[in-house]
Amino acid sequence: MPELASAAGVVERRGAPQRKRRGHWQAVRRRLSRSPLFYLSAALLVVMVGMAAAPSLFAMADPYDCDLGRTLADAGAGQWFGRDLQGCDVFSRSVYGARASLGIGIAVSLLTGLLGGVVGAAAGYFGGWVDAVLSRITEIFLAIPLLLGASVLLTLFGTSGSGTWTVIIALSVHGWPQVARITRSSVMEAKQQDYMLAAAAVGCSRLRALVRHVVPNSLGPWLVVVTTNLGVFITYESIISMLGIGLRPPTISWGQMIHDAQARFLEAPWPLLGPALFLSVTVLAFILLGDVVRDAIDPRIHS
Amino acid sequence: MSRYIMSRVLQAVLVLVGATFVIFVITFALPGDPVQALAGERAADPAFAEAIRARYHLDEPLLQQYVRFLAGALHGDLGQTYSGQDVAQMLGERIWVSAQLAAFALAFQIVIGVGAGVLSALRRNGVADTGVRIFTLAGLSIPFFVTAFVLQLVVGVKFGWLPVAGTEDGFLSYIMPGFVLGSLSTAYVARLTRGQLAESLREDYVRMATAKGLTRVRVVAHHALRNSLIPVVTFLGLEVGALLSGAVITESIFNIPGMGQAMARAVYLGERTTVVGVVTVFVFVYVVANLLVDLLYAVLDPRIRYA
């Protein structure tokens with residue numbers, strides 16, 4: 001049936017110009033919505049965020065309702081991970097620990113993303129002496145191992161204010177250089193593209209060129225590193241709390257639970273494995289999310 | 001080439017001075033009076049306090065103290081702890097312990113990481129690839145201190161294959177902590193190798209090498225892998241910082257008398273000279289490692305020539 005085929009061809013040809021051209025970010029969103037791993041990590045994160053927001057919905061017992069008579073009790077009905085040395089329900093405490101860990105991870109990622117993003121973008125965009133100064137500062141902070149710098153800062157704050165904000169600040173002060181480096185190189189790449197020449201040719205101001213052209217085009221790597229950092233900083237928080245210089249009671253955090261359970265791990269593994277499981281699953285969810293976001297933004301890896 | 005090296009060395013010196021200065025300023029602001037801490041419960045005798053302050057130059061302005069520290073460090077003198085121990089000497093004894101641990105960790109990262117990466121890149125989406133991906137994901141998400149506790153329990157206590165902690169058993173006692181410290185980045189190395197090698201295998205020069213009749217092994221090892229390793233080497237250089245950070249925890253968990261343990265103790269006790277000393281050594285190692293990585297580029301990628 002030749003008529004039918006040609007008719008279909010006409011329809012398609014006619015339809016083509018009407019179809020909206022898909023932008024980069026729309027394509028990214030489409031790739032995201034097609035990835036099963038995206039839904040898996042999103043589902044895990046929804047559960048974790050739900051725990052952080054309303055822990056009492058998930059916990060089976062009050063985490064502060066401890067019974068010394070049942071110290072290190074085995075797992076059983078109503079107490080999936082058993083009880084810790086103080087006789088507190090490990091599962092409930094792990095659920096309540098989500099708030100501190102997630103909160104710190106998100107806050108530090110955003111802060112370091114903002115600071116590193118601004119420093120890196122300024123260095124990459126303005127170049128010259130601005131770049132020289134900012135890059136040297138970035139290198140200096142990059143050379144100080146994050147964990148060492150943060151733990152020195154935390155001792156500096158001492159017991160006086162070792163709360164959530166202290167941990168956030170200590171991690172942020174030493175966590176931004178990596179973001180700055182990545183942002184700088186992606187901004188420099190975007191700056192050299194032809195569209196910048198075109199923008200300058202039509203009389204676009206430098207500031208407008210930065211906001212309208214450079215930022216959207218160099219956002220990809222920044223977004224990837226900030227997403228991946230979520231899991232990294234949650235781990236760092238737990239390490240700091242595990243060393244005993246991070247969050248302190250009555251705040252419940254996974255690292256601190258691991259710190260407390262460490263000494264009795266050989267006789268009672270669950271008080272340590274419980275929070276470790278929550279920690280691992282959360283970090284896994286963020287890593288998967290970071291992967292999926294990277295693949296969606298940079299599809300060359302797929303081909 | 002020599003001009004490039006000169007500018008890189010100068011840059012490294014700048015980073016070294018800047019980073020030690022940052023740490024110096026931070027530790028200077030540490031709370032608590034070291035003189036009072038020495039005196040214990042009683043109020044310190046003013047004459048004694050003055051003598052101590054003069055001995056440790058605590059009465060000088062911050063900048064002068066820093067310059068004095070730098071001058072000393074150039075001669076290998078990192079000062080004394082408040083209990084009179086020579087910091088450089090103490091760290092000198094510990095640095096070899098840490099170096100051994102780091103060498104084990106690095107070896108695990110390179111052998112397991114690169115090996116797994118190559119394996120999964122060559123058999124993309126096969127059984128080996130899937131297995132490697134699951135293991136790397138697990139390695140990335142399980143915090144390494146948890147790995148340490150579990151290994152201690154299973155391998156150390158239950159089966160008794162390896163010593164649980166300490167360094168009395170020489171070579172054997174470094175295997176478990178080395179693996180734990182290395183596991184921090186092995187997964188990254190594997191992923192990076194896999195991604196880079198998979199990309200290189202599609203390059204024209206690989207097709208060219210295959211076309212001219214080279215064996216598969218030679219194509220992969222000599223042409224594809226060599227070019228894929230550049231980002232891996234960069235990563236390992238940058239990762240030296242994480243390795244040193246990780247040593248603080250690993251050495252604490254496994255009771256290994258290295259620099260990390262000294263650092264953890266010094267931070268806990270507010271022992272400034274030791275903290276500054278350890279960070280100085282760490283930053284030095286980091287800066288030198290990255291300098292070497294930059295120079296290695298030219299060896300790995302013949303297209304890169306430093307004018």
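Two residues are in contact when heavy atoms of theirs lie within 4.5 Å. With that in hand, welcome to this predicted model. Among contacts in chain A between residues at least 6 apart in sequence, 70% link residues at least 24 apart. For chain B, the share worked out in that way is 73%.

**Chain A**

- Chain A holds 12 helices and zero strands.
- Reading along its sequence, you will find the pattern α-α-α-α-α-α-α-α-α-α-α-α.
- Of the 303 residues in chain A, 49% are buried.

**Chain B**

- Chain B has 12 helices and zero strands.
- From the N terminus on, the elements of chain B are arranged as α-α-α-α-α-α-α-α-α-α-α-α.
- Chain B counts 307 residues, and buried residues make up 46% of them.

**Where the chains meet**

- How many residues of chain B are in contact with chain A? There are 40 of them, and they touch 41 residues of chain A.
- Between chain B and chain A, an area of about 3,500 Å² is buried, and carbon and sulfur atoms give 80% of it.
- Which three residues supply more than any other three of the area that chain B buries against chain A? They are B:Ser141, B:Phe145 and B:Phe149, and together they supply 16% of that area.

**Helix pairs in chain A**

- Two packed helices are described by the angle between their axes and the distance between the axes.
- Take helix α5 (residues 90-126) of chain A and helix α8 (residues 164-191) of chain A to begin with: they pack at an angle of about 35°, and their axes are 5 Å apart.
- The crossing of α5(A) and α8(A) is right-handed. In this contact of α5(A) with α8(A), the residues are 17 nonpolar, 10 polar and two charged.
- Helix α5(A) also packs with helix α6 (residues 128-143) of chain A, here at an angle of about 145° and with axes 7 Å apart.
- The crossing of α5(A) and α6(A) is left-handed.
- On the α5(A) side, the residues that meet α6(A) are A:Val119, A:Ala122, A:Ala123 and A:Phe126. Their partners in α6(A) are A:Gly128, A:Val130, A:Asp131, A:Leu134, A:Ser135 and A:Thr138.
- Sorted by class, the contact of α5(A) with α6(A) has six nonpolar, three polar and one charged residues.

**A look at B:Ser183**

- You can find B:Ser183 in helix α8 (residues 171-200) of chain B.
- Is B:Ser183 buried or exposed? B:Ser183 has a relative accessible area of 14%, and buried means under 20%, so B:Ser183 counts as buried.
- Leaving aside residues up to four places away in sequence, B:Ser183 touches B:Gly139 and B:Phe144.
- B:Ser183 and B:Leu106 are 77 residues apart along the chain, while their C-alpha atoms are separated by 9.5 Å.

Definitions and conventions. Residues are numbered from 1 along each chain as its sequence is written. Chains are lettered from A and ligands numbered from 1 in the order in which they are written. This is a predicted model: local features need pLDDT of at least 70, side-chain atom pairs count only at pLDDT 80 or more; totals for chains, interfaces and linings use all residues. Side-chain values use heavy atoms; hydrogens and water are left out. Axes are lines fitted to C-alpha atoms, for helices over the stretch in contact, and angles run from 0 to 180 degrees between N-to-C directions. Helices (H or I, at least four residues) and strands (E, at least two) are DSSP runs, numbered from the N terminus. A crossing is left-handed if the near helix is turned anticlockwise from the far one by less than a right angle, and right-handed if clockwise. Ala, Val, Leu, Ile, Met, Phe, Trp, Tyr, Cys and Pro count as nonpolar, Asp, Glu, Lys and Arg as charged, and the others, Gly among them, as polar. Buried means under 20% relative accessible area, exposed over 50%, partly exposed in between (1.4 Å probe, protein chains only). Buried area is the accessible area (1.4 Å probe) that two parts lose on being put together, summed over both.
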